[in-house]
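Hi everyone, thanks for making time for this. I'd like to walk you through one structure today, a piece at a time. Have a look at it first, and then I'll start.

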Amino acid sequence: MSQIGKTYSFEIQGQEVTIETGKLATQADGSVVVKCNGMMLLATSVSAKSAKEGIDFMPLTVDYREKFSAAGRFPGGFLKRETRPSDSEILTSRLIDRALRPLFPEDYHADTQVLVSLISSDGETMPDAFACLAASASIAVSDIPFQEPISEVRVARIDGALKVNPTKSELESEGRDIDIMVAATANSIVMVEGEMTEISEAEMLDAIKVAHDAIKIQCDAQVKLAEMIGGIPTKREYSHETHDIELKDAVMAVCHDNCYDLAKKGTSKKERSEGFKAIREEYKATLSEEQLAGNESLIDTYFHDVEKVAVRKMILEDRTRLDGRNLDEIRAIWSEVDYLPMTHGSAIFTRGETQSLTSVTLGSKLDEQNIDGAMGKGSEKFILHYNFPPFSVGEARPMRGTSRREVGHGNLALRALKPMIPSGQDNPYTIRIMSDILESNGSSSMATVCAGSMALMDTGIKIKKAVSGIAMGLITDGKNFAVLSDILGDEDHLGDMDFKVTGTQDGITACQMDIKVGGLSYEIMEQALAQSKEGRLHILGEMNKTITEAREDYKPHVPRMVQMTIPGEFIGAVIGPGGKIIQEIQAETETTITIEEIDKKGVIDISSANKDGIDAALARIKGIVAQPEIGEIYKGKVKSIQSYGAFVEVLPGKDGLLHVSEIDWKRVNDVNEYLKEGEIVEVKLVDIDSKTGKMKLSRKVLLPKPEAAN
C-alpha cells in the first residue's frame, strides 16, 4: 500500500470520513480526495498568480462532475462519454459556489477554478453532501487566499429523527419530511437550501443547528489536515486593486447626502436608477479633464460604495425601504388565471415590478423526463422550467442557452410545489410547468412558485394546498439589523442576505438562503423566519382572491387520462406478440397507452382528448384480462360453425362451445339455420371444464321455455 500523501479521518454520526492530500493531482495549487464508504471525490483548486487588467470582481469557476466509470456504468447516448453537465451536476456546482464565493477576499480578482469530480460511487453514499467539504479542503491545503475553512452537510428527518448525510435509500423513505443542505464556517451559517413537507419554522432551525454541529467537526478536520503537511500554508501575497483614497473620500463627501435623499424618496426601480446615475454624472461634471483622465472607473467604483452606504444607512436609521415600504410590507399584488386560452392551464402573478407568466402542460408517461446519471437511472413526471429573458430587466444581450441561475431558480420552485402534487391514481399525468419572467425586480423565483400554484389549479390538478413564496433580506452593521420582507433587486444586491421561503398555510415546503456576512445569529434567522411566515400568508390571501381551488374538470382540449391496474400475468396478453395487440387498440381507439409492471401488477395509463376513445380502449383491455364466470351472460361473436354447434367468442381471445343441443329448445338439425359467422349472439356460460378449461355455453336457457318442454 502506497504511503504517499497525508490523511486525516473523523466520524460524523457513526460514518468515517477520510481526507487525503499529496497523492493525486499534485500540480494543482491544492488537491484532496474525500472518501466515505465506497464514495470518493477528487477536488482541485487552481488560481492565477495575477489578475487580468480591468477585473474588479472575483472570477471564480466551480464545476462538479460525476464520472459514470465511478459506478461501473457507461454513459447513455451515442457518444458514450460525459458531455455537458446534467441539471443535478449544475445544482451541486451552485451549492459549492454559493458557499465558497463570500469567503474569498473582496479585493482578490485572480482567475480561480475549483473542480470536484466523483471518481468512485457505491450508489448509496450521496456525493453532493461531501462536495463542498472536498472543495474547501483543496483550498485549505493551498496558498490561495481564503478567510477560513467552510463545509456543507445534508440533514434529513426520517421517521422523526434528524440524520446527517443520510444514504440514498434513506432519502427515498416515505418517512422523510426534511431534506436540506447547510453550508457554514465553524462560526456562522453561510447557506441553506432544501425541501420540506410543511414543517414549522422551529423545526427548520433545529435541523440547521444539527447541521452546524457536524460542520464544525469538518472545518476542524481541514485545519488538522493542513497542519499535517507542515502547517497551515501561508497564503500568497497579492495586489489586485489600486486606490486613490483622496478621490474616494471626495466622492463620499460630495455624493453621500444626495444619494441618501434619493433613497428616501420611495421611487420606482427605473426612476431610482436614473436618479443615482444623474448624481454620479453631476459629480463627474465638476471635475476637470485632467482629474477625470484614467479615474472614471475608480469614480464608478467609489460611487457604488457611496450608494451602498447611503441605502443601508437609510434602512437602518429610518426603518423604511427604497420604494417607501415598511420593513415587513409586501408590494402590491395582482394575478390572473386562464390567460392563455390554448394551454392546459396558465396564470399571471405580478408583485411590484416582478412578473411571471406561467403555463402548465399535461402529458402521459411517454412525456416523463428520463434521468441517466452516475448515481442511477430513473424518470421524473413533475418538471418545472424557469426562463429569465434579458428584456425582463430592460437589457439587450444574446441568449446562449439555459443559464445555471435559471436551472437553480427552477429547481427551487419545483421543490416548493412538489410536496403538494397528488400522486398515484389521483394524478396519472406527467406535468410540465414553464415560468417566463416578464419583469424582474427581486423575488422572481418566488413569483414562479405563486404563479405555478395558481396555474396548476387552473389546469384542474387537485393540488393538496396552495403554495406561496417570499424572499427576505437583511441589512446589518454588526450591532443593529433590519429584516426586510419581499426584497427588491437593489436590496438583494446591496444587502447581507437573500432568504427565500416557500410554503402552504400550514408549513414550509422549501427554502434557499445565501448570507453575505459572517456571524449571522440564530436570533436574526428566527426573526426572518417569523416575518417570512406573515408575508407568505399575506401573499396566499392575495392569491385566494383570484383562485382558491382547482377546476372541477380539465379544459376541453386537455388530454384525458385513465389509469387501471391488471394482474401481472395479463401484461403479455395486453401487449401481444411484438406489441401487436396494444398497437391495434391504440390505432382503433385513437388513444396513447403505456403499461409498466409495478409490484407484480400491470399499471396501464390510457390518454386521449376523446372520452369515447378512452372508454373503447378500457373495454378492450378489460375484455382481455376478464375471467369468464359461470352464470354470466355474454354477447359474443360467432367465430365458426360446425355440424355439432358453434364456437362463440365471449371475451377477447376466449371461445366457448355452443353445442347444437343448447341453441334452441326445439331440435336443431342445421346450425346454419340459426346462426351465421360474425353474428353477435347472447349466451350464458353454464359450465367450465376443471381440467381443460373448455367453456360450455347455452343460448336456449335465455329463451322462453315452451310448455311442452316442461
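Let's begin with a hairpin: strand 25 and strand 26 form one, with two residues between them. Please keep in mind throughout that this is a predicted model.

Now, which other strand is joined to strand 25? That is strand 28 (residues 680-688), again antiparallel to strand 25 (residues 633-642) and again with five bridges. Two pairs are handy for finding your way here. Ile-633 has Lys-684 of strand 28 as its bridge partner, and Lys-637 stands opposite Ile-680 in strand 28. As a quick reminder, strands of a sheet pair through backbone hydrogen bonds, in either a parallel or an antiparallel way.

Step back, and you'll see five strands closing into a barrel, in the order 25-26-27-29-28. The pairing around the barrel is mixed. From one strand to the next, the twist averages 50°.

Let's move on to the helices. The crossing of helix 2 past helix 4 is right-handed.

Which residues make that contact? Helix 2 brings Leu-133, Ser-136, Ala-137 and Ala-140, while helix 4 brings Gln-218, Gln-222 and Ala-226. Sorted by class, the contact has four nonpolar residues, three polar ones and no charged ones.

Charged side chains do turn up elsewhere, though: the structure holds 48 salt bridges. One of them is between Asp-29 and Lys-49, at 3.9 Å from N to O. Why might you care where those two residues sit? Asp-29 is in the loop between strand 2 (15-21) and strand 3 (30-36), and Lys-49 is in the loop between strand 4 (39-47) and strand 5 (60-66), so the pair ties together parts that are 20 residues apart in sequence.

That's my tour, and I'm happy to go back to any part of it.

Technical notes: Residues numbered from 1 in each chain as written. Predicted model: local features only at pLDDT ≥ 70, side-chain atom pairs only at ≥ 80, totals over all residues. Heavy atoms only, no water. Pairing = 2+ DSSP bridges. Helix = DSSP H or I, 4+ residues; strand = E, 2+ residues; numbered from the N terminus. Axes fitted to C-alpha atoms, helices over the stretch in contact; angles between N-to-C directions. Left-handed = near helix turned anticlockwise from the far one by under 90°. Contact = heavy atoms within 4.5 Å. Nonpolar A, V, L, I, M, F, W, Y, C, P; charged D, E, K, R; others polar. Salt bridge = Lys/Arg side-chain N within 4 Å of Asp/Glu carboxyl O.
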